[in-house]
Amino acid sequence: MDIKEYIQLVFSDYTLRTITLGTAILGAVCGMLGSFAVLRKQSLLGDAISHAALPGIAIAFLITGAKDSNTLLIGALISGLIGTFWIRGIITKTHLKSDTALGLILSLFFGFGMLLLTYIQKQPNANQAGLDKYLFGQAATLLESDVWMMAIVTGICLLIMLLFWKEFKILLFDADYTKTLGFNTKIIDILITSFIVLAIVLGLQTVGVVLMSAMLLAPAAAARQWTNSLAVMVFLAAVFGAFSGVFGTAISASQNNLSTGPVIVLVAGVFVIFSFIFSPSRGLLFKQIRFIKNRRDLQLHKTLAFMYNIAETHEDISHPHAIRILNNFQGYTKGTLQKLVEKDYVKLNGNLWSLTDLGFKTAANLYNQQTRNNE
Amino acid sequence: MKDKIAVKVDDLTVAYNYKPVLWDIDLEIPEGVLMAIVGPNGAGKSTLIKSILGILDPIAGSISIYDKPYEKQRALVAYVPQKGSVDWDFPTTALDVVMMGTYGSLGWIKRPGQKQKKAALEALEKVGMLPFKGRQISQLSGGQQQRIFLARALVQNASIYFMDEPFQGVDATTEIAIINILKELRKAGKTVIVVHHDLQTVPEYFDWVTFLNVKKIATGPVKDIFNDDNLTKTYGINYKVSVQE
């Protein structure tokens, strides 16, 4: 199946369209909110919340006996929130650090959830099959109503974010200062955290408990590499998230039986790796290139400065010197010298070099330039 | 001239755990002084400022700003936190950080407009950072970051300024630039309260001083109380500082 056929299929096939739309919206809202989590250094909170949601799903099923996704997700929401507040409680009431608190709640809740799942599986109830899809998610079970739900939550989320943009930004940057300006930081904090919990719960059905935090973090981490503006970062994260959803769905749909959730997460991971390497300002590749170039320039300047020092001892700056002198004093390389000749700083005559006027002037200004550049 | 009380602290006690960090502090800061708070590490200097500003919850005590409770007078107060208290890799520009100083007067939801931007640019100009307005804040030097924080407080156009170690880790040029701004503020009748570490510069920079070590040791004009006796009481060792008259 080529791309054109696939795109046609997305528009004609009801199931595929629903899944593509659902994963795209989910990716966008997760990227958006994930930016806030990353900037608050609460990256792991998402992981803890999603794991903490599992017992809620199991308990909701045990109570209602129904597998209706909305009911189960309300269970997930409640237990996710309980987990979140426990984590906060542990951090504020004890001396434990936040990573310890997160790890503790994450494994406790997940362990309890797994226990309940195995218990449910042993029940003589035909209905129980398929609950474990919440572990790794199953995009194929998305219904149009689920997508509507996601769209509505995303819309509300977007609205709140635009409304309280200024408050969100200042709280993320400097919470203490925000307090002194008279803002109730608790309200802003609860707003952000609740939306993160909501986004996670929305994604459980598609991506699952285990991988959900990657949906939150990967697009945001990738977006951070490309920009120094919060607004652009949030927007880019939403775009990366949405594309992860669309591409991930496409890959899993065109390859039989590839689970959608993990593929989406992997696509998001590709965005991250690509951004880490190729971002112009923060990426590894350009950083390395800049580093090498700077070193080379410095080497060039050093050789030139050295020649300048020798030339200065003579009245005539173009007084030729044996190339051997350079060798004796400093391990110059032919390449460096060649480059200096190319720039017309140095003349080579057989085995003798001499500074040109241009080279002399440049060398004289070298030190000044260096200090100017550093300012 | 110095008869109006800008900040009044009554019976302030703060504790994180069992041990009190601040014990029964009474403090009156007259209007128009440039005051240093000095004391050893762990003396509660930052805690005192943070408690006055309502960032920390004290166990007991009350704060009033010009005879009214602090909560009603927030608009009169500006704060410069320690530079190290925020993540400077946050995706934003110098101008944007300074604009945050206007958020308090805007209140909830309302966005900053041209008026706020103009005020922020003026503040940047004052601290000599106008050429860096569009710079990503992680690309600024420590001294420049400190100036940005100062500009953010200046934008608030407050009557009372609280600053937590504004001279920490800045070079001599920045230190002089900052102290000149502080002196200008005092000249304009503002009250400036600074947590300060360098005892040598206290007589030169400040006209009022508070010695603090969990309890308040002394407070008053530098020329009257900045002496070896109070320094010894505060720092516990026989401290000798050459006070230049």
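Student: Which residue is the bridge partner of B:Val77 in β7(B)?

Tutor: In β7(B), B:Val77 has B:Ile160 as its bridge partner. This is a predicted model, where local features need pLDDT of at least 70 and side-chain atom pairs count only at pLDDT 80 or more, while totals for chains, interfaces and linings use all residues. Residues are numbered from 1 along each chain as its sequence is written, chains are lettered from A and ligands numbered from 1 in the order in which they are written, and side-chain values use heavy atoms, leaving out hydrogens and water.

Student: How do you know that β6(B) and β7 of chain B pair?

Tutor: Strands (DSSP runs of E, at least two residues) and helices (H or I, at least four) are numbered from the N terminus, and two strands pair if DSSP finds at least two bridges between them. Here 4 bridges join β6(B) to β7 (residues 160–164), so these parallel strands pair.

Student: Why does A:Phe276 count as partly exposed?

Tutor: A:Phe276, found in helix α14 of chain A, has 35% relative accessibility, which lies between the two cut-offs, so A:Phe276 is partly exposed.

Student: Why do β2 and β5 of chain B stand at the edges?

Tutor: The antiparallel open sheet has the order β2-β1-β4-β5, and β2 (20–30) and β5 (68–69) each have a single partner strand, so one side of each lacks a neighbour in the sheet.

Notes. Buried means under 20% relative accessible area, exposed over 50%, partly exposed in between (1.4 Å probe, protein chains only).
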